Amino acid sequence: MRIFSGIQPTGQLHIGNYLGATKQWVELQKNQECIFSIVDLHSLTIPYDPINFQKKIMETAIAHLAIGIEPEKSLLFVQSQVKEHTELTWLLNTICPVGELQRMTQYKEKSRQFKKNINAGLLNYPILMAADILLYQTDIVPIGKDQKQHLELTKMLAKKFNQKFGETFKIPKTQIPKIGAKIMALNNPKKKMSKSIPQSCLFLFDEPKTIRKKIMSAVTDTGKTIKYDLKRKPGISNLLTIYSLFSEKPVKELEKKFKGKGYAEFKKQLAELLIVKLEPFQRKRKELVAREVYIKEILNQGAKKAQTIARTTLQQVKQKMGLL
Ligand code: AMP
Ligand code: TRP
C-alpha cells in the first residue's frame with residue numbers, strides 16, 4: 001500500500017497533529033510505502049513571514065525526524081521542490097466546480113479568520129491538496145478529522161477526471177484515527193487545537209515548566225468528577241483522551257484511577273505523564289538542530305525520489321487531456 005500525507009510548516013507541531021496524524025505515520029512506515037510532504041505552498045494562503053519561512057520549513061522537517069519518521073523507511077520532502085504539484089493543480093483547477101470550493105468548512109473558517117486576505121489560493125487550497133495525493137497514486141491518506149471534507153473533494157475530482165479523460169488516478173482511502181482525530185483547544189474545549197491559535201496548543205517541544213503551566217490552566221468544566229462526557233464535560237473529556245492516548249490506557253480505566261480525586265490532581269498527573277512521554281522527542285530534536293546539512297540532504301533525496309513518481313503521473317494526465 002502507498003501512503004501519502006502532508007503537514008503545513010506554519011508553526012510548531014502540537015499534540016493534536018501528533019495524535020491525529022503523525023503518530024499514525026510513524027506506525028505506518030513500518031510496513032507500508034510512505035510519502036510525507038511538508039506542504040509549504042499551502043501555507044502561503046494565510047499571512048506569513050517570508051523572512052523566517054525557510055527556518056519554519058526546516059523546523060518542521062526536524063520535528064518529524066524527532067518523532068520517529070525514518071528517512072530509510074519514508075520519503076520526506078518539501079512540496080515546492082517538486083514542481084509537478086503546482087502543475088497538476090492547474091490542470092485539476094479546470095475540472096473543479098467553484099461551488100464545491102466555496103462550501104468547504106476550512107475555507108469559510110479561514111476567510112472569517114483572515115478577512116483582509118481572502119485570496120484565490122485560500123479557495124483553491126483543496127485542489128492543491130488533491131494534486132498532492134493523486135500524483136502519487138495513493139492508496140491511503142492518514143489525516144485528522146478536519147481534513148475529511150478535503151479528502152472527499154479529492155476523491156470526487158479523481159473520479160470526475162477518470163470519467164472524463166479515462167482511467168488515470170487511483171481513488172484514495174481516508175484513514176482517520178478512532179480516538180484522537182480531533183484534539184480540542186486547551187483554552188476552549190469546543191474548538192479544535194490549531195497552530196494558527198498558539199494559546200490553544202500544547203506543543204510537542206514545550207519545556208516541562210510550560211507543560212505544567214498549560215495543563216494546570218487548561219479550561220475545564222464545572223463539577224468535580226473525572227468522567228468522559230463530551231456534551232457536559234468537553235474540557236475533562238479532551239484531557240482524558242490525551243491522557244489515554246499517551247498512557248495507552250483506556251478512558252474507563254482512567255476514570256476508575258481518578259475516582260474521588262479532583263481536577264487538580266488529575267491535571268498534575270497528566271502534566272507529569274506528558275513531560276515523560278515528550279522528553280525523548282525533545283532530546284532527538286536537540287541532536288538534529290545542529291545537523292542542517294544532513295537534514296537538507298534528506299529533503300533533497302526525498303524530493304528527487306518523489307519527483308520520479310510524480311512525473312510519471314503528470315505525463316499521463318497531460319497526454320489524456322490532449323496536451324503536447
Ligand atoms: P495542519 O496542522 O493543519 O497542517 O495539520 C496536520 C495534520 O494534523 C492533519 O492531518 C490534521 O488533520 C491533523 N490535525 C490538525 N489539528 C488537529 C487536532 N486538533 N486534532 C487532531 N488532528 C489534528
Ligand atoms: N491540508 C492539510 C492540513 O492542513 C495538509 C495537507 C496538504 C495534506 N496536502 C495534503 C494532508 C495531502 C494529507 C494529504 O492538515
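Predicted model: local features only at pLDDT ≥ 70, side-chain atom pairs only at ≥ 80, totals over all residues.
Reader: Hi! Where does ligand 1 sit?

Author: Hello! Ligand 1 sits in the largest pocket.

Reader: Which residues come nearest to ligand 1?

Author: There are 17 residues around ligand 1, and N17, G144, D146, I183 and M193 come nearest.

Reader: What polar side-chain atom lies by an oxygen atom of ligand 1?

Author: One belongs to N17, at 2.9 Å from an oxygen atom of the ligand. D146 also takes part: an N or O atom in the side chain of D146 is 2.4 Å from an oxygen atom of ligand 1.

Reader: Which helix gives the most to the shell around ligand 1?

Author: That is helix α1, residues 15-28, which contributes four residues.

Reader: How do the residues of that shell divide into nonpolar, polar and charged?

Author: The shell around ligand 1 has six nonpolar, eight polar and three charged residues.

Reader: Let's switch to ligand 2. Which residues come nearest there?

Author: Q8, Y125, M129, D132 and Q147 come nearest, out of 13 residues around ligand 2. For ligand 2, a polar atom in the side chain of Q8 lies 3.1 Å from an oxygen atom.

Reader: What about nitrogen atoms of ligand 2? Which side chains have a polar atom by one?

Author: D132 has a polar side-chain atom 2.7 Å from a nitrogen atom of ligand 2, and Q147 has one at 3.1 Å from a nitrogen atom. On its own, ligand 2 has 360 Å² of accessible area, and the protein covers 90% of it.

Reader: Where does the largest share of the ligand 2 shell come from?

Author: From α7, with four residues. Both β1 (2-7) and α7 give two or more residues to this shell. By type, the shell around ligand 2 holds seven nonpolar residues, five polar ones and one charged.

Reader: New topic: how many aromatic pairs are in the whole structure?

Author: A search finds eleven. One of them is F77 with Y136, a tilted pair with 6.0 Å between centres and 55° between the planes.

Reader: Where are F77 and Y136 in the chain?

Author: F77 is in strand β3 (residues 74-78), and Y136 is in the loop between α7 (120-135) and β4 (140-142). The two are 59 residues apart, so the pair links distant parts of the chain.

Notes:
Residues numbered from 1 in each chain as written. Chains lettered and ligands numbered in written order. Heavy atoms only, no water. Near = heavy atom within 4 Å. Polar contact = N/O pair within 3.5 Å; in protein donor to acceptor, adjacent residues only side chain to side chain. 1 Å grid on protein atoms, 1.4 Å probe; cavity = no way out; pocket = protein on both sides within 12 Å on 5 of 7 lines; lining within 4 Å. Sits in = over half its atoms within 2 Å of the grid points. Nonpolar A, V, L, I, M, F, W, Y, C, P; charged D, E, K, R; others polar. Phe/Tyr/Trp six-rings, centres within 6.5 Å; stacked < 30°, edge-to-face > 60°. Areas by Shrake-Rupley, 256 points an atom, 1.4 Å probe, with all protein chains shown as cover.
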